[in-house]
Amino acid sequence: MGDHIYKIIELAGSSTTTVEDAIQNAIARASKTIRNMRWFEVIETRGRIENGKVARWEVIIKVGFVLEDTL
């Protein structure tokens, strides 16, 4: 197995429940069109407040995926 070259993209995800769900939502959606995702890094975490309560969690993540070899 040779060395891997990664492409890195940024994704934004959100959830009304948890930060973890916001991350999962972003990765699940991206996995429908992006293959070979290998890692992620949380860059930013924030949330929305409504009526004095947390209403939504939002995350920005970097995702690395392996570039495929072309023949």
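Me: Which side chain does R35 meet in a salt bridge?
Reply: Quick caveat: this is a predicted model, where local features need pLDDT of at least 70, side-chain atom pairs count only at pLDDT 80 or more, and totals for chains, interfaces and linings use all residues. Residues are numbered from 1 along each chain as its sequence is written, and side-chain values use heavy atoms, with hydrogens and water left out. A salt bridge here is a side-chain nitrogen of Lys or Arg within 4 Å of a carboxyl oxygen of Asp or Glu. R35 has its N-to-O contact at 2.8 Å, and the partner is E68.

Me: How many residues apart are R35 and E68?
Reply: R35 sits in the loop between α1 (19-30) and β2 (37-50), while E68 is in the segment after β3 (53-66). Those labels are DSSP runs numbered from the N terminus: helices (H or I) of at least four residues, strands (E) of at least two. The pair links distant parts of the chain, 33 residues apart.

Me: Is E58 buried or exposed?
Reply: Buried means under 20% relative accessible area, exposed over 50%, and partly exposed in between (1.4 Å probe, protein chains only). E58 comes in at 12%, so it's buried.

Me: How many salt bridges turn up in the whole structure?
Reply: R35 with E68 is one of them. A search of the whole structure finds four.
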